[in-house]
Amino acid sequence: MSRTLLTEIAVATADHSKYREDVLGLFRFKDEAAFFEKAARIFPGAVLLETCNRVEILVHGSAKQLRDFLHGENRFGFEILENEAALMHLLELAAGTKSMIIGEDQILGQMRRSLLLAESHNTNDVITDVCLNTAIREGVSIRQKTSINKGAVSIGSAAVLLAEELMGDLDGKNILVVGGGEMGTLVARALCEKNLRAIYVTNRSFDRAVLLANEISGRAMRLDQLYPCIALSDVVISCTGAPHLIIHADELAETMNERFWPLDPEPRHLLLIDIAQPRDIDDACRDVPGVSLKTLDDLKTISEKNLAARKTECEHADVLAKAALPEFIKAFNRAASGDLTKSLYTWAEEIRQREKNKALSRLRDADPYLESVIDDLTSALTKKLLEDAAKSIRASAECTDTQTAENLLKAIISGEVSCIRRSE
């Protein structure tokens with residue numbers, strides 16, 4: 001069967017559609033540096049994307065290589081996609097049709113950051129670069145041509161909608177946002193639209209908490225004031241990037257003792273929503289009297305409503321993603337053809353150097369200027385003679401005629417003329 005891609009790529013994916021939040025955590029790589037170090041030994045390019053509801057690994061390599069690598073890391077259960085299917089997956093990912101909250105724009109920024117992360121570990125290459133950059137560009141285009149992200153909620157704003165749904169409304173309520181990063185900002189901005197009594201913001205960096213609190217007319221609290229602030233709140237939405245728990249059951253139980261109204265048999269109800277990954281809130285907090293704990297898994301009800309409202313736009317986005325695939329393949333092969341033309345020029349350069357040195361050896365006491373002239377002349381001739389061949393290789397690759405591109409290289413380097421197919 002003929003190939004349409006000039007080199008192999010593969011994607012491993014695990015997300016909210018298949019796994020619960022607690023199970024999805026088993027797919028993550030806590031030590032990113034170790035992941036990249038090991039991946040670099042196997043793949044020319046490797047990119048890791050981890051969000052609150054998905055883990056994606058893109059590699060310049062085969063599906064078998066990726067599967068073997070993951071099994072060696074004790075990661076089982078990933079869905080492995082290869083070549084055209086992998087490219088299609090990246091397009092759908094960037095278009096927002098695979099997000100928990102259909103059409104959310106956060107995934108584009110997350111894909112950009114994953115590429116920057118790979119660059120910082122020197123594990124990206126021209127293939128992974130073209131895959132992500134092309135997918136992101138098409139994702140932006142699809143959003144411009146559809147209404148898939150019009151009025152779309154993010155994970156952060158979905159958490160606010162869930163709180164509103166569970167509490168009846170948020171009028172006159174006190175809300176605490178734990179975390180001042182991107183997700184915390186999305187939560188806080190969504191809360192601004194509600195008729196709240198107060199919004200508190202706490203963060204590891206107090207300066208960041210102050211900036212966010214000022215933006216939303218809220219009040220910044222130091223992290224060591226966390227539990228006193230919880231005692232004042234009706235809802236706590238936690239979304240830090242901490243690698244450890246922030247809210248513990250024992251301390252929360254003590255805090256709940258401060259939430260009794262006179263003559264009440266039990267403390268005032270407290271709703272905790274944890275949208276962090278890894279989790280911020282100890283699961284044992286569910287057992288504390290008066291406490292309700294919700295996690296990312298509980299946002300699926302919001303996701304289902306969002307999907308129903310955007311079904312037509314989602315279908316339109318899928319059609320556009322499929323239509324973008326042929327151009328994606330061309331861009332991919334254009335980048336991949338660089339390896340073929342590099343081999344061509346490397347082969348020619350070795351011949352040029354050898355023949356140049358033979359010529360110079362026949363000249364007695366050649367001065368440096370003459371040597372320079374000969375070097376420049378042979379270099380220019382080599383590049384000129386190969387120019388049309390290189391263009392033909394690139395053109396064949398871009399037109400997904402990968403076999404002809406490879407055969408052209410073989411014909412020039414190895415003299416295998418018979419294997420070139422005549423173009424019709």
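Is N74 buried or exposed? N74 is exposed, with a relative accessible area of 60%. Here, buried means under 20% relative accessible area, exposed means over 50%, and partly exposed lies in between, using a 1.4 Å probe and protein chains only.

Before going on, a word on what you're looking at. This is a predicted model, where local features need pLDDT of at least 70 and side-chain atom pairs count only at pLDDT 80 or more, while totals for chains, interfaces and linings use all residues. Residues are numbered from 1 along each chain as its sequence is written, and side-chain values use heavy atoms, with hydrogens and water left out.

N74 has a positive phi of about 60°, although it isn't a glycine. S217 also has a positive phi, near 60°, and is a residue other than glycine. Look for S217 in the loop between α9 (206-216) and β7. Here are the accessibility values for these two and a few other residues.

| Residue | Relative accessible area | Class |
|---|---|---|
| N74 | 60% | exposed |
| S217 | 70% | exposed |
| V373 | 37% | partly exposed |
| C52 | 11% | buried |
| C131 | 1% | buried |

Another loop, the one between β9 (270-274) and β10, holds P278. A cis peptide bond joins Q277 and P278, with omega at about 5°.

**The sheet**

Now for the strands. Strands of a sheet pair through backbone hydrogen bonds, either parallel or antiparallel. In this model, six strands form an open sheet in the order β7-β6-β5-β8-β9-β10, and the pairing is parallel. Two strands count as paired if DSSP finds at least two bridges between them. At the edges sit β7 (219-222) and β10 (291-295), each pairing on one side only. On average, neighbouring strands of this sheet are turned by 20° against each other, direction ignored. That angle is taken between axes, which are lines fitted to C-alpha atoms (for helices, over the stretch in contact), and it can run from 0 to 180 degrees between N-to-C directions.

Four bridges join β5 to the parallel strand β8 (residues 235-238), and V177 stands opposite I237 in β8. β5 also pairs with β6 in the parallel sense, over five bridges, with L176 opposite Y200 in β6.

How many residues of β6 (residues 198-203) are buried? Six of its six residues are, so the strand is mostly covered. A198, Y200 and T202 point one way, while I199, V201 and N203 point the other way, and all are buried.

**Cysteines and a surface patch**

A disulfide is a covalent bond between the sulfur atoms of two cysteines. The structure holds zero disulfides. C52 is in none, and the nearest cysteine sulfur, that of C239, is 9.9 Å away; a disulfide is a pair of cysteine sulfur atoms within 2.5 Å.

Finally, L363, Y369, L370 and V373 make a nonpolar surface patch of about 380 Å². Patch residues have over 30% relative accessible area and no salt bridge, with like charges joined within 9 Å and nonpolar side chains (Val, Leu, Ile, Met, Phe, Trp, Tyr) within 5 Å. A salt bridge is a side-chain nitrogen of Lys or Arg within 4 Å of a carboxyl oxygen of Asp or Glu. Accessible areas come from the Shrake-Rupley method with a 1.4 Å probe, and for residues only the protein chains shown count as cover.

Notes:
Helices (H or I, at least four residues) and strands (E, at least two) are DSSP runs, numbered from the N terminus.
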